[in-house]
Amino acid sequence: AMANPSLFPDITTNPCANITLYGKKEGVQARERIWTDSEIDAFDKAADHEMLMARLLYIYTGQRTSDIIKMKESDYEVDKSGDPWLQVVQQKTKKRLWIYCHADLVPALEAHIAKHRQARPNRTDAPLIQNSKGRAFNRRVFVARWDDTAVKAGIVTLSGKKGVRRDRSNPTRHDLRRNAT
């Protein structure tokens, strides 16, 4: 708006000029952390098959948690030429994406879907990441289960105090997006 002040003749100063952006006020640096190979290995050893698949989806799709937990088995498709794709509608941007599946993701994804279909053969359009009842996780439960796995793996230390953030040096789910291939 201030780029064209004639649209707002009564405003003489930029109302946003003195706003401090989040993080700068607290002296927090932007994160550039990625997971190390040893952290990934430790997490994988501690993870059940659902958390392992979530970790793979983070790394091979680069999607946000909200998009990972909304993915369905039917979002995975092999096209006529034999190329594997995941269809995602991003919650934040509402954009529909077709993400090419990395060669390392395909066998894990197909085995994961087969395991779900074996457990519940009559189910269609099941979520890719399922809770113990075969339903989609809600975000809170997914995050708690992820954190439990990361703590069990020894790569995350949670604060025991309510309202206290974890140590910023700990790897986060979001950091895995930076590992995306």
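The structure is a predicted model. Its protein chain holds six helices and three strands, and along the sequence these follow the pattern α-α-α-β-β-β-α-α-α. Of the 181 residues of the chain, 35% count as buried, while the accessible surface comes to about 11700 Å², of which 52% belongs to carbon and sulfur atoms. Among the contacts in the chain with a separation of 6 or more, 57% are accounted for by residues 24 or more positions apart.

| Helix | Residues | Distance between end C-alpha atoms | Expected span |
|---|---|---|---|
| α5 | 139-153 (15 residues) | 21 Å | 21 Å |

Which residues of α4 are buried? They are L105, V106, L109, H112, I113 and H116. These residues lie on the same side of α4, because they cover an arc of only 135° around the axis. An α-helix has 3.6 residues a turn, so residues three or four places apart point the same way. On the other side of α4, Q118 and A119 are exposed. The cover over the buried residues of α4 includes helix α2 (49-61) together with the strands β1 (76-78) and β2 (84-89).

Helix α5 likewise reaches from its first C-alpha to its last a distance close to that expected at 1.5 Å a residue. Its buried residues are F142, V143, W146, D147, T149, A150 and A153. Seen down the axis of α5, these buried residues fall within an arc of 160°, and therefore they line one face of the helix. R140, D148 and K152, on the other side of α5, are exposed. What do the buried residues of α5 pack against? Their partners are α1 (37-46), α2, α3 (65-70) and α6 (173-177).

Finally, the structure holds one cavity of 30 Å³ or more, and the largest cavity has a volume of about 30 Å³. The residues that line the largest cavity are E73, H116, R117, R120, R123, A126 and Q130. Of these lining residues, H116 is also one of the buried residues of α4.

Key
Residues numbered from 1 in each chain as written. Predicted model: local features only at pLDDT ≥ 70, side-chain atom pairs only at ≥ 80, totals over all residues. Heavy atoms only, no water. Buried < 20%, exposed > 50% of the residue type's maximum accessible area, 1.4 Å probe, protein only. Helix = DSSP H or I, 4+ residues; strand = E, 2+ residues; numbered from the N terminus. Arc of directions from axis to C-beta. Contact = heavy atoms within 4.5 Å. Areas by Shrake-Rupley, 256 points an atom, 1.4 Å probe, with all protein chains shown as cover. 1 Å grid on protein atoms, 1.4 Å probe; cavity = no way out; pocket = protein on both sides within 12 Å on 5 of 7 lines; lining within 4 Å. Points joined across faces, edges and corners; volume = space filled by probe spheres on them. Expected span 1.5 Å × (residues − 1).
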